Amino acid sequence: MDFDFHPTSSQGITLAAGASVAALFLINRWASSGLDAIPTLGYSNPVLSYIDAYKYYFGNAVGMVHEGYMKYPNSIFKIANPRCWAVIVTGGSLIDELRNAPRESLSMPDGLAEMTHTDYTFGECVRTDTYHSTVLKGVMTRQLAVKFPEMYDEISQAFHDNLTVTDEWKPVHAYMLAMELVARGCHRVFVGLPMCRDPELLKMGIDFATHAVPLIDLMTGSPQFLRPIIGLFKSTKNKDRQRAIKLLGPIVSERFKQEAEYGKDWDRPNDLLTWLMDESQGPEHTVENVAARFLPIQFGAIHTMTMGLVHALYYLASQPEYIKPLREEATRVIAEHGWTKTAMQEMYKIDSFLMESARLNPIGAIMMDRKVVKDFKFSNGIILPKGTMVSVSVNDIHHDSTIYSNALEFDPFRFSRLREGLNADKDKNQWASLAKSYYSFGSGRHACPGRFLAVLELKCIMAYLVMHYDVKAEVDGIRPPNVWAGARCEPSNDANIMLRLRQK
């Protein structure tokens with residue numbers, strides 16, 4: 001049977017335009033990447049490469065990256081994803097070259113903006129003016145010892161508010177508990193009392209993640225030329241911004257008024273909003289923009305810290321034999337130092353437990369994303385042209401048996417053992433440090449600026465948990481499996497752990 005198709009003028013124009021756009025995109029992928037010298041995992045042909053891109057996004061990205069890691073050790077390879085060629089560094093001195101490269105060549109902020117699609121999730125200003133990172137790395141980190149008593153007070157109150165457990169075992173949704181605890185601790189540092197306990201503040205963060213994460217995934221799985229169209233219809237950045245301004249704007253406005261009248265000589269709250277006011281300049285130094293800048297910080301802190309805590313809770317519940325040594329350490333240290341930042345620094349075992357959990361469960365198969373903003377040449381002669389995205393195969397490095405003994409096993413005190421003994425360097429091998437071949441917080445000058453807050457808060461939560469509660473898995477010894485979305489790794493968000501009051 002013959003089918004005759006006679007398109008109308010508008011249909012013909014649409015088809016021709018669509019075909020032209022697709023052809024131009026494929027030609028661009030073939031001709032302008034400038035990456036021919038880099039070996040390819042899978043197809044190099046611009047058309048056939050989309051087969052691998054589909055497998056990467058919808059199938060087994062972690063397996064494909066692992067294949068490249070094994071095939072090209074201590075080297076570089078590229079793999080197709082729906083957006084572009086992803087260049088992946090697998091180890092050795094090349095990682096040092098990447099992390100030490102100047103921002104003028106390899107840009108972490110631009111790489112992060114590319115991976116999180118900042119222009120459509122937070123707004124272009126978060127990409128072009130990253131002053132909030134300076135706040136997190138600088139004044140917030142310096143203030144953690146002062147702010148810790150407030151953080152502890154909020155975390156202990158959050159346990160009380162969110163748990164109604166008794167002497168009998170009770171199932172508790174691990175992800176929701178972790179999010180409540182993390183959010184309350186962060187918000188106490190960020191905005192203080194009483195705002196930190198406003199349920200609308202937490203709901204804003206949850207709703208934002210509900211909007212942003214699917215949008216990021218959709219953008220990640222789409223060709224470059226479709227992003228503006230997707231953003232036009234799917235981005236909620238303006239709505240989210242207005243919500244933050246409505247919630248936090250009155251607080252920021254009152255502080256601007258006080259500052260205008262008294263300068264710095266008034267009882268200024270010592271929290272994130274004040275620090276943002278102090279650091280912001282030019283067009284960012286407004287009530288609306290300071291209030292809106294809270295969103296990316298809230299998302300970055302609560303979303304990632306919640307995942308890290310859930311991973312650790314699943315290990316603790318599935319291997320409850322480790323509760324005793326963690327509890328003994330916490331009890332001893334708290335008896336000596338009280339609930340202080342100093343006490344947290346002395347909890348080597350809890351630090352190691354969290355660090356090992358993060359080693360086995362990085363946020364993705366590849367991390368340390370950089371965007372090439374000026375042609376960059378590695379020592380092996382490989383040149384990355386401007387516009388290239390380059391990352392590190394962190395998941396495989398963390399699971400490499402030539403780097404870590406019994407690398408696939410959860411060894412909770414792997415790192416604390418290295419800090420014990422008379423001649424041990426107690427400043428190395430702790431979670432917030434930037435140890436070689438350990439990249440949960442990145443590496444180099446662009447390591448996570450909020451990592452000291454994250455480590456302090458998660459250690460406080462774990463210490464409080466083991467001192468006051470017993471924990472076990474719903475099914476003895478079974479840890480809920482991770483969930484992979486493309487190259488992104490998350491803990492299960494629909495599993496319970498069992499809790500009861502600590503039995504003396």
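Predicted model: local features only at pLDDT ≥ 70, side-chain atom pairs only at ≥ 80, totals over all residues.
Reading helix packing and a pocket

Me: Which helices and strands each supply at least two residues of its lining?

Reply: Look for helices H10, H11 (199–220) and H16 (294–318), together with strands E10 (483–485) and E11 (488–490). H11 gives the largest share of the lining, seven residues. Sorted by class, the lining of this pocket has 12 nonpolar, seven polar and three charged residues.

Me: H11 keeps coming up. How do I describe the way it packs against H16?

Reply: Two packed helices are described by the angle between their axes and the distance between the axes. For H11 and H16, the axes come within 10 Å and cross at roughly 85 degrees. Angles of 65 to 115 degrees count as roughly perpendicular, so H11 and H16 are roughly perpendicular to each other.

Me: Which residues meet between H11 and H16?

Reply: On the H11 side are Leu201, Met204, Gly205, Phe208, Ala209 and Val213, and they meet Phe294, Leu295, Gln298, Phe299 and His303 in H16. This contact has eight nonpolar residues, three polar and no charged.

Me: What angle do H11 and H13 make?

Reply: The axes of H11 and H13 (residues 237–262) cross at roughly 170 degrees and come within 11 Å. An angle over 145 degrees counts as roughly antiparallel, and H11 and H13 are therefore roughly antiparallel to each other. In this contact, Glu200, Leu201, Lys203, Met204, Asp207, Phe208 and His211 of H11 meet Asp240, Arg243, Ala244, Leu247 and Leu248 of H13. By class, that makes six nonpolar, one polar and five charged residues.

Me: And where does H10 cross H21, at what angle?

Reply: H10 (residues 174–191) and H21 (residues 451–468) have axes that come within 10 Å and cross at roughly 130 degrees. The two helices are therefore oblique to each other, and H10 passes H21 in a right-handed crossing. Leu181, Val182, Gly185, Cys186, Val189 and Phe190 in H10 meet Leu453, Glu457, Leu458 and Ile461 in H21. The residues of this contact divide into eight nonpolar, one polar and one charged.

Me: Which residue has a positive phi although it is not glycine?

Reply: Asn74, with phi near 50 degrees. You will find Asn74 in the loop between helix H3 (61–71) and strand E1 (76–80).

Technical notes
Residues numbered from 1 in each chain as written. Heavy atoms only, no water. Axes fitted to C-alpha atoms, helices over the stretch in contact; angles between N-to-C directions. Helix = DSSP H or I, 4+ residues; strand = E, 2+ residues; numbered from the N terminus. Parallel < 35°, antiparallel > 145°, perpendicular 65-115°, else oblique. Left-handed = near helix turned anticlockwise from the far one by under 90°. Contact = heavy atoms within 4.5 Å. Nonpolar A, V, L, I, M, F, W, Y, C, P; charged D, E, K, R; others polar.
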